[in-house]
Amino acid sequence: MKTALFRRTTAAAFCAVAVAASTLLSGSAMAAPPGQQSTPINFPAADGELMSYVVNAKAANANKTKDVVLAIEAAGGVAVQQWPEIGVVVVQSERASFRADVLKYGKSSVESVGATRTIAVAEGTPDGISTPWQKAPQLRSKQLANSDLLYGDATFDGVALDPRETEQWNLTQIKADQAHQLTDGSRKVLVGVLDSGIDPNHPDLKANIDVANSVNCTDAGRPDTSPTGWNPTTSYHGTHVAGIIGAARNGVGIVGVAPNVRMASVKVVNDAGSIYPEYAICGFMWAGMKGMDVTNNSYYIDPVQFWCDDQPDQLAVRTAVERAVNWSTDKGVVHAAAAGNASYDLANKTTDNVSPNDATGIERQINNGCKDMPTELDGVVTVASTDQAGKLSSFSNRGLNVIDVAAPGSRILSTLPNNSYGLLSGTSMASPHVAGVLALMKSEHPGWKPKQLISQLQKQAEDHICMPSATPAGSSCVGTLRDNSYYGEGITDALQAVL
């Protein structure tokens, strides 16, 4: 089995064109699998407009990366961030011909190039980088409208003065309450929360935040280690996710699945609510560089809901992200990710009408060669959502041989900024339960590598028979008791993880 937000569109007034010559300039695309070829998405570029790209080297080493940088400079680009460990360079350029030119100048070193956005780079170029153009001002978008639609329903309960563990049905469903009788996890275990930032002052979180290993990746994909860069600015999402993983056992508020582990805030969501590929690449690389044990990924990578391997730009971006995920996995990091909130059957893809979500989405045909990143990448645990009755949440994505495990995701009580607590729903909330279970497992078995952790997670999950969701939506459940499209291998089990 493949080891899989679900969110929103933030549409701007930019019209995506179905076919464009620039789409064909990013390297060779793979042939589409049986079925209809995916509809192209235009990744436009105009002279004078600052755009972002990833350029992939033919080999992942320092020398080849240097050659790629020379080709980038010859093509009129600037290397914003180099990742020689994986042979990926994040680039900005104001030249419309950049994609074609970098392939021409780097014919012996460049494997592929892909635009990471369909709109200009709002945040400009990071400080300290020399550019041939005048730097654009650092732009901050307004707080997201309809933010509760991005990640599920939100109900704010205000400040809680007394412990509320009795309200956490989610811990009972995965037997975390029983696991806590044995262990709350090890301080040696570090979980990277790749999200919108964690409130550093929340009384249930501040003791467990590893400030030294926290980072902001939204500065055009370059790690920003400034003291407050990783703090949340326009979103409560990361703070809520962090509470599910590791709210402290301190006599205040709630308790996380792994309340004694450390968490690093790895900010990959910008102020407009977007998670661009260069941000995610930075996040995965940082996790590997800092020796993290687990990451949680409650998002999909913008601006495309499904990145298709029969489209050159999309394939190049997917290659860069896959390299980052694989490298961090090789460094010992195991990744959990939300399956998505569109009631979509990930095993039978047909259409997508929300991409690109940084401009005006188009109705496009897709196929099973199109992947939701990072949730459908190899080596990533794909997590579906359940409700209090143990049924699949109606919003949850599903898919036979795609979903690995399921976990609670409907109306989950957790931390919110300004010392408050609230209920949120989404596979965003399901994934951190699994990240917490993996953290408990790593605490008890520090020598286990990602592959073994995932294997045991699947093996230990409680089998769940196919049954209709509470509010039927999307495709019906198919498969067996041991492995089906709604629950995968079953509901994750924290108790078994620590036995």
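Trainee: What does the accessible surface of the chain come to, and what share belongs to carbon and sulfur atoms?
Mentor: The accessible surface is about 17500 Å², and 50% of that belongs to carbon and sulfur atoms. Such areas come from the Shrake-Rupley method with a 1.4 Å probe, and for residues only the protein chains shown count as cover. Keep in mind that this is a predicted model, where local features need pLDDT of at least 70 and side-chain atom pairs pLDDT 80 or more, while totals for chains, interfaces and linings use all residues. Residues are numbered from 1 along each chain as its sequence is written, and side-chain values use heavy atoms, with hydrogens and water left out.

Trainee: Why is Phe306 called buried?
Mentor: A residue is buried under 20% relative accessible area, exposed over 50% and partly exposed in between (1.4 Å probe, protein chains only). Phe306 has a relative accessible area of 0%, so it is buried. Tyr344 has 15%, so this residue is buried too. Of the 499 residues of the chain, 64% count as buried.

Trainee: What makes the rings of Phe306 and Tyr344 a tilted pair?
Mentor: Let's start with how many there are: the structure holds three aromatic pairs. Rings of Phe, Tyr and Trp (its six-membered ring) pair if their centres lie within 6.5 Å; planes under 30 degrees apart are stacked, over 60 edge-to-face, and the rest tilted. The centres of Phe306 and Tyr344 are 5.2 Å apart and their planes stand at 40°, so the pair is tilted. This pair links distant parts of the chain, 38 residues apart: Phe306 is in the loop between S10 and strand S11 (307-308), and Tyr344 in the loop between S12 and strand S13 (351-355).

Trainee: And what kind of aromatic pair do Tyr276 and Tyr279 form?
Mentor: Tyr276 and Tyr279 form an edge-to-face pair, with 5.8 Å centre to centre and 75° between the planes. Both Tyr276 and Tyr279 are buried.

Trainee: How do you know that S10 and strand S12 (residues 334-338) are joined?
Mentor: Strands are DSSP runs of E of at least two residues, helices runs of H or I of at least four, numbered from the N terminus. Two strands pair if DSSP finds at least two bridges between them. S10 and S12 run parallel and are joined by four bridges, with Thr295 opposite His335 in S12. Strand S6 (residues 190-195) also pairs with S10 in the parallel sense, over four bridges, and Val193 has Asn296 in S10 as its bridge partner.

Trainee: Which way do the residues of strand S10 (residues 294-297) point?
Mentor: Val294 and Asn296 point one way, Thr295 and Asn297 the other, and all are buried.
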